[in-house]
Amino acid sequence: MTDLELSELDDRTRELDAAHVFHSWSAQAGLNPLVIAGGSGSRVWDHAGRSWLDFSSQLVNTNIGHQHPSVIAAIHEQADLLATVAPATANLARGEAAKRITDRAPAGFSKVFFTNGGADANENAIRMARLYTGRDKILSTYRSYHGNTGAAVVATGDWRRVPNEYARGHVHFFGPWLYRSEFWATTPEQESERALRHLERVIQSEGPSSIAAILLETIPGTAGVLIPPPGYLAGVRAIADRYGILIITDEVMCGFGRTGRWFAFEGYDLVPDLITFAKGVNSGYVPAGGVIISDAIAATWDTAVFPGGLTYSGHPLAMAAIVGALDAMSSEGIVENAARVGREAIGPGLAELFAKHEIIGEVRGEGVFWALELVADRETREPVSAAVIGHIKGALVERGLLPFTADNRIHVVPPCTVTDDEVAEALATYDEVLSLPLAE
């Protein structure tokens, strides 16, 4: 096709989108979404060939990068064999996917309940916790996102919960974040101790015997890549055990390589009771998520019927994508690459940006999971405005970098396959844009 014909494909894409597509989390009038026609590795492009370095991983999910040949081949092979099958059947792809997931889980986790994504993974984990304990309440933090289904969105702590509060039995508390401490803490140790005291007081005030589970993103992602302070997650485990409360770790965004580990909780002296996942398990090539269930909880339904299910639970194309992705991540050292790149390239590079740009109030993260906290004043820590973030985002896109922005932050979240050269390219682009005049 000629350049003109390719450009016309971009125009056609925009026309169809504006006429017929209803976008999530958006006022529909005036939207002008970026056209993405293809991708490979850490890059995406439109029909006309303009490309961007993808440091958003879309929605922090393309952990293995775009169009990884092993995952594409696995999907093709399964599609040629059997494109779909009911969840009540046994299917080899489903069993192989479940085994690969449980092989990476802690000891004592042998079963996986497959869902269509992260929201319904959390939905079903909440259901399991309530049925297993006979209790009702779910505790989760204000700085969290757990999905857009009935209970998951009410478990969410941010603004998206407020217009959607139709589910019952949800209580919120403040998790730790020293940079914007709710507890007047001045050290990580103080923040951990005081946040744990706050959590225990919430539990005591709500009535421990009414609480089924504490639902936590191991590292809150959309809320800001909030790294737990020393001892916090181990302390949550101790409190939960004291009151007979389950812990659900939401690993939807932070799992499967994002932190340089298979599961983020592996770095924090915590073994949960239920583990939810999606996104990085197959990089979203075919929608999939699930709950990894501890053996004690799974045994509850050995003779009783579990009252839940989905038509596409364990969909064979999604399962094949999981097998292809996890096998490639293992054989190619992709999780190890994420750890190394974070330690040797992203972390030091962002520290240099912090030293150079007063607009950066804090740098935090690990693996390929980082955030730049942007402030109008370092001393007061006042966040920059939405207008400034919009200006920065537009300038990054204009220069060929696809960013992930949230509130007053830039999240630095490339695929786990990202190279040192690509990191250097992104850092140079961040540096250039943050050096621009950023009028409110």
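Four strands make up an open sheet with mixed pairing, in the order S1-S2-S3-S14. Strands are DSSP runs of E with at least two residues, helices are runs of H or I with at least four, and both are numbered from the N terminus. The model is predicted: local features need pLDDT of at least 70, side-chain atom pairs count only at pLDDT 80 or more, and totals for chains, interfaces and linings use all residues. Numbering starts from 1 along each chain as its sequence is written, and side-chain values use heavy atoms, with hydrogens and water left out.

- S1 and S14 (401–402) are the edge strands, each pairing on one side only. Two strands pair if DSSP finds at least two bridges between them.
- S2 (residues 43–45) and S3 (residues 51–54) run antiparallel and are joined by three bridges.
- Trp-45 has Ser-51 in S3 as its bridge partner.

**Aromatic pairs**
- The whole structure holds 11 aromatic pairs. Rings of Phe, Tyr and Trp (its six-membered ring) pair if their centres lie within 6.5 Å; planes under 30 degrees apart count as stacked, over 60 as edge-to-face and the rest as tilted.
- Trp-25 and Tyr-145 are edge-to-face, because their planes stand at 80°, with ring centres 6.3 Å apart. This pair links distant parts of the chain, 120 residues apart: Trp-25 is in the loop between H1 (3–20) and S1 (38–40), Tyr-145 in the loop between S5 (137–141) and H6 (150–155).
- Tyr-142 and Phe-174 have planes at 40° and centres 4.9 Å apart, so this pair is tilted.
- Tyr-142 is partly exposed at 33% relative accessibility, and Phe-174 is partly exposed at 28%. Partly exposed lies between buried (under 20% relative accessible area) and exposed (over 50%), with a 1.4 Å probe and protein chains only.
- Phe-114, Phe-256, Trp-262, Phe-263, Phe-265 and Phe-277 form a cluster linked by ring pairs.

**Charge over a ring**
- Arg-160 lies over the face of Tyr-145, 4.0 Å from the ring centre. The rule asks for NZ of Lys or CZ of Arg within 6 Å of the ring centre and within 35 degrees of the ring normal.
- Arg-378 lies over the face of Phe-354, also at 4.0 Å from the ring centre.
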